[in-house]
Amino acid sequence: MEVEADAEVRHWTADVNGISLHVAERGPADGPAVLLIHGFPELWLSWRHQMAALAARGFRALAPDLRGYGDSSVPTDPAAYSILHIVGDLVALLDHLQLTKVFVVGHDWGAQVAWHLCLFRPDRVRAAVVLGIPYFPRGSRPLTDRFVPLGDGYYINQFLEPGRTERAFARYDVATVLKKFYAMEIDEILAPPGVEIIDFLQAPSSPIPWMTDEELGQFAEKFEKTGFTGPLNYYRMLVTNWRLTAPWSGSKITVPAKFILSKNDVGLQSFGTEEYVKSGGLKENVPDLEVSIIEGHHFVQQEEAESVNSEILSFLNKFATEGGSA
């Protein structure tokens with residue numbers, strides 16, 4: 001394990017599950033461990049505010065760059081990005097650190113990973129806080145079937161086509177691509193017919209209120225190095241994931257969980273998501289569940305950091321005295 005330290009955040013890499021995983025760490029090494037799982041298109045850095053708040057309260061915050069991102073390995077084979085691989089990376093990381101159980105926090109694609117970590121290995125999760133994407137049990141057909149009626153302008157339908165989105169993104173500098181996503185304040189990521197989603201999204205001329213230009217530059221530097229194919233392969237494995245998760249069909253999430261819903265999150269009305277959460281449908285599939293609804297858009301852990309920190313800490317503190325740092 002190679003270690004690089006600065007005044008507050010410690011950076012290191014570990015060889016786990018056949019790849020090299022970069023991890024940012026903050027807080028006491030003997031504190032209760034919290035695994036922070038980022039989404040698309042993000043990095044460990046998207047948890048910078050939560051890492052500071054957790055460390056200040058005595059937690060050990062661990063924020064990896066998922067495979068395909070940042071300073072972690074970027075496999076070239078799309079098949080290397082299945083949900084089993086990604087969850088497997090995190091279980092291997094816990095084994096590497098000799099952590100029996102951890103708290104888990106996930107957002108966006110990291111929410112999907114967090115839910116599946118709870119599903120596959122509930123023995124390794126003390127409690128989970130999940131932002132933005134609720135747990136949907138495996139359906140009778142792949143999730144992508146539900147996207148077909150939305151047409152070619154729907155962002156996931158575009159992402160699924162190998163090379164297409166990469167070519168479209170290449171028309172812009174990386175910082176602009178990221179800014180277009182980070183600044184989203186729309187109801188659905190759906191472009192008009194014949195328009196690429198990256199052309200449809202708008203990049204504001206002014207800085208994003210919750211991100212400095214320096215922070216945007218830090219994100220852009222890593223994506224310039226790795227490109228976007230690795231992250232896009234997460235989407236391209238959706239059908240494969242449906243096939244691989246057949247053994248868990250009908251399973252519920254049994255670990256204690258809090259779901260945080262942002263009032264203005266993109267896609268909130270899609271596929272009945274808001275109704276599913278508010279009507280109790282999510283709680284049927286996650287019986288030990290709390291739901292919090294807060295202000296904010298999609299990248300809420302950065303936009304509304306104080307609110308999210310409060311929600312996370314209030315939940316984790318219920319369990320933090322149980323079982324020490326492992």
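**Briefing: fold, surface and helix α1**

The chain has 14 helices and 9 strands. Its radius of gyration is 19 Å, close to the 20 Å that the globule rule gives for 326 residues, so the chain is as compact as a globular protein of that length. The structure is a predicted model.

**Overall dimensions and packing**

- Taken along the principal axes, the box filled by the C-alpha atoms of the chain is roughly 55 × 45 × 40 Å.
- Buried residues make up 57% of the 326 residues of the chain.

**Surface and charge**

- The chain exposes about 13,200 Å², and 51% of this area comes from carbon and sulfur atoms.
- There are 28 positive side chains and 42 negative side chains in the chain.
- The centres of these two sets of charges lie 6 Å apart.

- Helix α1 covers residues 48–56.
- The buried residues of helix α1 are R48, Q50, M51, A53, L54 and A55.
- An α-helix has 3.6 residues a turn, so residues three or four places apart point the same way.
- Among the strands, the buried residues of α1 pack against β3 (19–26), β4 (33–37) and β5 (60–64).
- Among the helices, the buried residues of α1 pack against α8 (213–226), α13 (300–303) and α14 (305–316).

Note on methods
Residues numbered from 1 in each chain as written. Predicted model: local features only at pLDDT ≥ 70, side-chain atom pairs only at ≥ 80, totals over all residues. Heavy atoms only, no water. Helix = DSSP H or I, 4+ residues; strand = E, 2+ residues; numbered from the N terminus. Rg over C-alpha atoms; globule rule 2.2 N^0.38 Å. Buried < 20%, exposed > 50% of the residue type's maximum accessible area, 1.4 Å probe, protein only. Areas by Shrake-Rupley, 256 points an atom, 1.4 Å probe, with all protein chains shown as cover. Lys, Arg positive; Asp, Glu negative; His and termini not counted. Charge placed at Lys NZ, Arg CZ, Asp CG, Glu CD. Contact = heavy atoms within 4.5 Å.
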